[in-house]
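Subject: Structure handover

Hello,

Here is the structure I promised you. Please open it alongside this note, as my findings follow directly below.

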Amino acid sequence: MSLVVVGSMAFDAIETPFGKSDKIIGGAGTFIAWCASNFTGVKQISVVGGDFPQSELDALSARGVALEGVQIKKDEKTFFWSGRYHMDMNTRDTLVTELNVLGDFKPVVPDSYQDCEFLMLGNLAPAVQSSVIKQLKNKPKLIVMDTMNFWMDIALDDLKHTLSLVDVLMVNDSEARQLSGDYSLVRAAQKISAMGPKFVIIKKGEHGALLFHENQIFSAPALPLEDVFDPTGAGDTFAGGFIAHLAKTKDISFNNMKTAIIVGSALASFAVEKFGTERLRSLTKEEISGRINEFVQLSTFDISLV
Ligand code: AMP
């Protein structure tokens, strides 16, 4: 039984008010895999060009990430994305999107991935996401999907179809409002849930995340950090920590999802400390449990009601 991850593997170039990176390794699938492999094995589905460094693929293999589902198109170029963050480090402008190999990506699920129990659909065209679901012979125990406003603008029908096939949707607050047409996040979650996903996670950047399921709500904080260096991939890292905790514990109850959100938030708080995937590569088990403990301290209090 396994965790299958679908997502972009990319080159990114990032500008923040505090610095600028050259072309570095990025991509939603890359962040998810680096994060999730702290907890469980990962079976990766993606596509790269001949320019993607073999050393990067080797580094992921060495962490227990299976790459049989990663297509290498030798004569083509890897997906490239460039973004510039505003002073608040929360909002950004996309400067360049070169789809390259991602333009006509047709994922193929290898036979060795058919034991998929947990499926993480990273942010990609919704038709690509649903094609992976359709190739699986058995329905996974849990399908989690990430998406973004871009797909709401250009592929809403495909997005609604994919939504009808998944269990959990992760979006940020503005995307939840756009998708539902409702400013209230509570009503937005109800409306999104009616489209398919019985669990809705709404991310609020530095203000944490909300989990909605039927009439239950859980609110998780984000760790207040002195410095945020590069927020790129924070959402993907959050997703990786969330699904990897569920896959490791094999428990998809609301209660365990609360813990999974804290694990995702803790890992995301590391991701922003350095450019790209750099911080995730050097993480130790002790650092991860220390950070999860900080979250517990952050939101635990005693109260006696009279
Ligand atoms: P996040 O900061 O969590 O939104 O994710 C940023 C990552 O998503 C970057 O590493 C990009 O390479 C990747 N990315 C940006 N736009 C797209 C897109 N249209 N499709 C797939 N991946 C993307």
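I will start with a salt bridge. The side chains of Lys 191 and Asp 182 meet there, with 2.9 Å from N to O. The two partners differ in cover. Lys 191 has 38% relative accessibility, so it counts as partly exposed. Asp 182 has 8% and therefore counts as buried. Please keep in mind throughout that this is a predicted model.

**Other salt bridges**

How many salt bridges does the count come to? The count is twelve. A few deserve a look.

Glu 15 pairs with Arg 84. Their closest N and O atoms are 2.9 Å apart. This pair links distant parts of the chain, with Glu 15 in strand β2 and Arg 84 in strand β7, 69 residues apart. Glu 15 is partly exposed, at a relative accessible area of 22%. Arg 84 is also partly exposed, at 38%.

Lys 43 forms a salt bridge with Asp 115. Here the closest N and O atoms are 3.1 Å apart. Lys 43 sits in strand β5 (residues 42-49), while Asp 115 is in the loop between β8 and β9 (116-121), so the pair ties together parts that are 72 residues apart in sequence. Is Lys 43 buried or exposed? Its relative accessibility is 18%, and the cut-off for buried is under 20%. Lys 43 therefore counts as buried. Asp 115 is partly exposed, with a relative accessible area of 26%.

Asp 115 has another partner. Its side chain makes a polar contact of 2.7 Å with the side chain of Ser 2. Ser 2 lies in strand β1 (residues 2-6). At 10% relative accessibility, Ser 2 counts as buried.

Salt bridges link Glu 273, Arg 279, Glu 287, Arg 291 and Glu 294.

**The ligand**

Next, the ligand site. Which residues come nearest to the ligand? Of the 16 residues around it, they are Ser 8, Asp 12, Gly 27, Gly 233 and Asp 236.

- Ser 8: a polar side-chain atom lies 2.8 Å from a nitrogen atom of the ligand.
- Asp 12: an N or O atom of the side chain is 2.4 Å from an oxygen atom of the ligand.
- Gly 27: a backbone N or O atom lies 2.7 Å from an oxygen atom of the ligand.

How much of the ligand does the protein bury? Taken alone, the ligand exposes 510 Å², and the protein buries 89% of that.

The shell around the ligand draws on several elements. β2 (10-16), α1 (28-36), β7 (79-85) and α8 (234-249) each supply at least two of its residues. By type, the shell has six nonpolar residues, seven polar and three charged. Note that β2 and β7 supply shell residues and also hold the two ends of the Glu 15 and Arg 84 pair.

**A nonpolar surface patch**

Met 87 lies in the loop between β7 and β8 (92-98). Its relative accessibility is 62%, so Met 87 counts as exposed.

**Two backbone points**

Most residues other than glycine have a negative phi. Two residues here are worth checking on that score.

Met 89 is not a glycine, yet its phi is positive, at about 60 degrees. Where is Met 89 found? It is in the loop between β7 and β8, and that loop also holds Met 87. Met 89 is buried, with a relative accessible area of 10%, whereas Met 87 is exposed.

Lys 250 also has a positive phi, near 55 degrees. It lies in the loop between α8 and α9 (254-271). Lys 250 is partly exposed, with a relative accessible area of 42%.

Over to you.

Best wishes

How values were computed:
Residues numbered from 1 in each chain as written. Predicted model: local features only at pLDDT ≥ 70, side-chain atom pairs only at ≥ 80, totals over all residues. Heavy atoms only, no water. Near = heavy atom within 4 Å. Polar contact = N/O pair within 3.5 Å; in protein donor to acceptor, adjacent residues only side chain to side chain. Areas by Shrake-Rupley, 256 points an atom, 1.4 Å probe, with all protein chains shown as cover. Helix = DSSP H or I, 4+ residues; strand = E, 2+ residues; numbered from the N terminus. Nonpolar A, V, L, I, M, F, W, Y, C, P; charged D, E, K, R; others polar. Buried < 20%, exposed > 50% of the residue type's maximum accessible area, 1.4 Å probe, protein only. Salt bridge = Lys/Arg side-chain N within 4 Å of Asp/Glu carboxyl O.
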